Structure formats: structure tokens, C-alpha cells
Amino acid sequence: MLLYISGSFPDNQEGIAEGAKVLLDAMLEIVEKDKIVLLTTNTPIISEHIKQNISVNYRMMDNWKVTMGNIKKFYSILDEYDITAIHMEYPGDLYGKTFLASFLPWFIKHYNLKRNKKITFNVRLHEFTRARFLRKAAIVPILLFADSIYIPALRDRNAASKIGGKRVRPTTIGTNINTVSDELLPGKKKRISYFGSVYPGKG
């Protein structure tokens, strides 16, 4: 059973939220829906979207603060669904300036040791070198304790590898922006839009 963690999820207006849904849809094409549990943030807009559009089991966190209540809730999800692997999208606006998500890989190490389990913890990490100081500090526990860290951008991989070593691996991400023909038609205007920070080596 896979626990899929993403602090952000549609319809929260954020690129990682949309990407998280794209990845979930892709996973559902190769595994049955009862093999995945989604863990995300409890906001009205996400709750409404999930109720109307998502067929997998799901649980929600009111916040991502490091509290005994949140830690116990996380452990209870592992027990309830007999989780064998975890994939987390990180970062995301709705994790906020908190550290629970950052330390989940460490909690899994402790849980595995105590329960004699072998749950693997994998993370797809975005925009590491672009993060501010506090966010970079929050990422360090992920680089230290996650089993695998998948990073699309080459520059981010090189920087993260200094801490995560060989556990840092490349991955590709697709766009959720519709493309159109680049053919210029007579009398038709062309609109070019720029988004994000595009640089060499970025996925």
C-alpha cells in the first residue's frame, strides 16, 4: 500500500498542487485505487475537490506543525492501511513555515525500527536552490533521511547531492500547460507567456 503525501492539491492555485494530481492520475493507470492513500491538507477548496473528483482513500492534516497529535495521526495512518511505501511531493505552499513534513522521513526510520517494518520513503523535491534559508533548512532532514530523493533540475540535483549523495536521483516532470501549434497564420497575433524561473538543466 502506497501513502502519497502532498501538502498542496487541487483546487489550490499552485503548480505543485496541479503536478501532484497529474502524478496521482498516472499512478492510478498502473495500480488499483485501493492500493493508494492520499494525505494532504484540510482546506475547504481541497476538501471539495477531493469529494467530487478523487476515488482513492484519503486522509487530511489540519496543519503540518510538529505536534504529538499530528505525529500520532501520521502513525495511525501507517497502521490503518498497512503502508509499505511512501511518496511525498515537497515543498508546497500549504506545508507553511512548519517542519512536520521535513521530519517525516526520520519518523519513518524510527517507526520501522520500533515496529520491525521496512517502509521506504521517497521524495520528489522541487526548487531546492531557489528556496529561501528557512525552507532550505527544512529540506536538510529530507536529504539526510529519505531513502530516495528525485529532483528534476540538474542544478538542484548537484546541490542536493552534497548532502544526499547517491540517494539523489534524476526524474522528469511533465507540463500541465496546454500546448498549441507554433505555426504562424497570416493576420493572427501570437501571445507568448512566461512563467516561473526557467534555467539550463531544469526539468
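The structure holds six aromatic pairs. This is a predicted model, in which local features need pLDDT of at least 70, side-chain atom pairs count only at pLDDT 80 or more, and totals for chains, interfaces and linings use all residues. Residues are numbered from 1 along each chain as its sequence is written, and side-chain values use heavy atoms, leaving out hydrogens and water.

**Exercise 1.** Classify the ring pair of Trp 106 and Phe 107.

*Solution.* 
- Step one: rings of Phe, Tyr and Trp (its six-membered ring) pair if their centres lie within 6.5 Å; planes under 30 degrees apart are stacked, over 60 edge-to-face, and the rest tilted.
- Step two: the centres here are 5.4 Å apart and the planes stand at 70°, so this pair is edge-to-face.
- Step three: ring pairs also link Trp 106 and Phe 107 with Phe 74, Tyr 75 and Tyr 111 into a cluster.

**Exercise 2.** Are Trp 106 and Phe 107 buried, partly exposed or exposed?

*Solution.* 
- Step one: buried means under 20% relative accessible area, exposed over 50%, and partly exposed in between (1.4 Å probe, protein chains only).
- Step two: Trp 106 has 36%, so Trp 106 is partly exposed.
- Step three: Phe 107 has 10%, so Phe 107 is buried.

**Exercise 3.** Find what Leu 78 is in contact with, leaving aside its neighbours within four places in sequence.

*Solution.* 
- Step one: contact means heavy atoms within 4.5 Å.
- Step two: the partners of Leu 78 are Leu 3, Ile 83, Ile 86, Ile 108, Tyr 111 and Ile 119.
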